[in-house]
Amino acid sequence: MGTFFAELSETLAYVGELMPALLSGALVTVELFILTLLFALPLGLPFALGSNSRIAPLRWLSKTYIWLFRGTPLMLQLFFFYFFLIPLINRTTSLQIDEFATALITFSLNYAAYFAEIYRGGIESIDRGQYEAAKSLGLTKRQTMFGIILPQTVKRVLPPISNEAITLIKDTALVSVISVGELLKATRGAVNRDVNPTAYLIAALIYLFFTFLLTMLSRYLEKRYSKYDVKGD
């Protein structure tokens with residue numbers, strides 16, 4: 001029994017040593033996650049509207065953007081931006097974009113494409129009769145879209161957006177390949193240094209905690225926007 005408590009005490013002490021580095025990495029993960037959503041969520045909307053536009057160049061531009069970023073791996077996009085596009089920008093302009101900013105740009109553009117498709121599907125799921133009713137009331141297309149269609153769309157797209165958000169919190173681990181000091185990079189550093197896999201277990205628990213919080217937030221938002229449900233729709 002004494003040996004058990006001694007080992008437990010040693011393990012807890014080691015976990016205590018690991019936590020500052022892992023929590024620092026987790027903070028970078030959360031920062032990248034939040035900033036990506038702040039940029040990607042609104043950026044996806046104009047591409048969703050553009051993909052249904054009657055203006056052919058705008059429609060094809062939007063569809064090409066969505067096809068390009070959804071059709072190639074996120075890690076490949078990270079490599080393209082990190083090793084080619086960003087160095088080119090840094091050399092030819094006064095801008096100096098670091099690894100974190102590179103990851104943020106890549107993630108925002110990538111997830112905006114996925115959100116655009118989600119928005120497009122949500123908009124198209126609204127019954128066409130509501131457009132006709134809005135027109136009969138004298139509402140403009142802008143008033144119809146932003147006052148009637150989009151509020152109902154929010155409720156319908158919340159589940160797939162929540163799924164993408166959960167995927168995003170896990171995808172942030174990919175940025176370790178371009179030396180961004182997020183959670184997985186900090187975890188690998190601890191494992192390589194101490195030859196002890198305990199850090200992987202702690203990292204898994206942290207990711208699960210983030211996923212739990214996102215799931216709870218998703219359920220709250222779905223209830224919050226359920227008031228936009230239309231009976232019989």
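A residue here is called buried under 20% relative accessible area, exposed over 50% and partly exposed in between, using a 1.4 Å probe and protein chains only. This is a predicted model, in which local features need pLDDT of at least 70, side-chain atom pairs count only at pLDDT 80 or more, and totals for chains, interfaces and linings use all residues. Residues are numbered from 1 along each chain as its sequence is written, and side-chain values use heavy atoms, with hydrogens and water left out.

**View 1. The phenylalanine 80 and phenylalanine 81 pair.** Phenylalanine 80 is partly exposed, at 43% relative accessible area, whereas phenylalanine 81 is buried, at 8%. Searching the whole structure gives ten aromatic pairs; rings of Phe, Tyr and Trp (its six-membered ring) pair if their centres lie within 6.5 Å, and planes under 30 degrees apart count as stacked, over 60 as edge-to-face and the rest as tilted. Phenylalanine 80 and phenylalanine 81 form one of these pairs, edge-to-face, with 5.8 Å from centre to centre and 90 degrees between the planes.

**View 2. Tyrosine 111 and tyrosine 114.** The ring centres of tyrosine 111 and tyrosine 114 lie 6.2 Å apart with planes at 45 degrees, so this pair counts as tilted. Both tyrosines belong to helix α4 (residues 99-124), where they sit three residues apart, or about one helical turn. Tyrosine 111 is buried, at 1% relative accessible area, while tyrosine 114 is partly exposed, at 24%.

View 3. The protein chain has eight helices and zero strands; helices (H or I, at least four residues) and strands (E, at least two) are DSSP runs, numbered from the N terminus. Its radius of gyration is 22 Å, well over the 17 Å that the globule rule gives for 233 residues, so the chain is more spread out than a compact globule. That radius is taken over C-alpha atoms, and the rule is 2.2 Å times the number of residues to the power 0.38. Along its principal axes, the C-alpha trace spans about 80 × 50 × 25 Å.

**View 4. Cover and contacts.** Of the 233 residues, 37% count as buried. Among contacts (heavy atoms within 4.5 Å) with a separation of 6 or more, 75% join residues 24 or more positions apart.
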